[in-house]
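Here is a walk through one protein model. Keep the sequence and the coordinates at hand.

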Amino acid sequence: MATKAALPSADPQLLGAISKATPESLHHVQTDVKNPLPSKEAIAQEKTEQELMSGIEGFDAGKLKPTETQEKNPLPDPSAITAEKAERYRKQSIEDFNKKKLKRANTEEKNTLPDADAIEQEKRECEMRHSIGDFNKSKLRHSQTEVKNPLPSTEAINLEKQEVEKIQEIEGFKKDSLKHTEPTVKNVLPDQDTLDAEKKEQELKDGVTNFNRNSLKKTTTEEKNALPSSRG
């Protein structure tokens, strides 16, 4: 136990400040909990996740039923792949074209004076333009414009983009990534009753086929229906 002489002495100024302090001079401090306890909802959610993980780990795969995979989006045929590949090759050739291979050509400007026919035609065009500019639009009738060659929709563009991506995936697919699988032959053997019935049938056929007619005994036919006597 430390003696009174061994205890460190406090600073007199600090002791004076503490003795003069009043509750009004103190500042309110908000306590910040660094490690709060989880709420009821968090505990319930964690319990649910734990039960779900336990159910997944203890699941019996033998209860699963085999299913047939249904192909929803079949792959394009070889002709479509070839056409698409040729189209992409043409576009790539245009993008990678070297302009330096073009030869310089001098433009020959043939600006001759117009003849009388050209002047007359130009005059008619000027008059037509003036008549168009002075045309009264109120005399026009409303008409519905019919688009003969509309631009493709967003869905068509996205579909075309998906087909191009699929073709690229097919062309770049690596066969080495495939895993070897052994086919399962489902050929159920017959039961014992079927084997016994088939065996008896085969023995009967063999008996009929290999029957020796020489082993038959000769018999005399006896007429049981005699003619009536004269007394009758």
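At 46% relative accessibility, K205 counts as partly exposed. E201 is partly exposed too, with a relative accessible area of 44%. The cut-offs are these: buried is under 20% relative accessible area, exposed is over 50%, and partly exposed lies in between (1.4 Å probe, protein chains only). The side chains of K205 and E201 meet in a salt bridge, 3.6 Å from N to O. That term stands for a side-chain nitrogen of Lys or Arg within 4 Å of a carboxyl oxygen of Asp or Glu. Both K205 and E201 sit in helix 6 (residues 192–209), four residues apart, about one turn of the helix.

Some ground rules. This is a predicted model, in which local features need pLDDT of at least 70, side-chain atom pairs count only at pLDDT 80 or more, and totals for chains, interfaces and linings use all residues. Residues are numbered from 1 along each chain as its sequence is written, and side-chain values use heavy atoms, with hydrogens and water left out.

Now the whole chain. It has six helices and zero strands. Helices (H or I, at least four residues) and strands (E, at least two) are DSSP runs, numbered from the N terminus. Of the 232 residues, 1% count as buried. The accessible surface comes to about 25500 Å², and 54% of that belongs to carbon and sulfur atoms. These areas come from the Shrake-Rupley method with a 1.4 Å probe; for residues, only the protein chains shown count as cover.

Next, a helix pair. Helix 3 (residues 78–95) and helix 5 (residues 154–171) pack at an angle of about 100 degrees, with their axes 11 Å apart. Helix 3 is therefore roughly perpendicular to helix 5, a label for angles of 65 to 115 degrees. Axes are lines fitted to C-alpha atoms, for helices over the stretch in contact, and angles run from 0 to 180 degrees between N-to-C directions. I81, E84, K85 and R88 of helix 3 make the contact with E160, V164, I167, Q168 and E171 of helix 5. Contact means heavy atoms within 4.5 Å.

Which side chains meet E171 in a salt bridge? R88 does, at 3.1 Å from N to O. This pair links distant parts of the chain, with E171 in helix 5 and R88 in helix 3, 83 residues apart. E171 is partly exposed at 38%, and R88 is partly exposed at 25%.

The structure holds three salt bridges. One of them joins the side chains of E87 and R90 at 2.4 Å, N to O. E87 and R90 both lie in helix 3, three residues apart.

Technical notes. Parallel < 35°, antiparallel > 145°, perpendicular 65-115°, else oblique.
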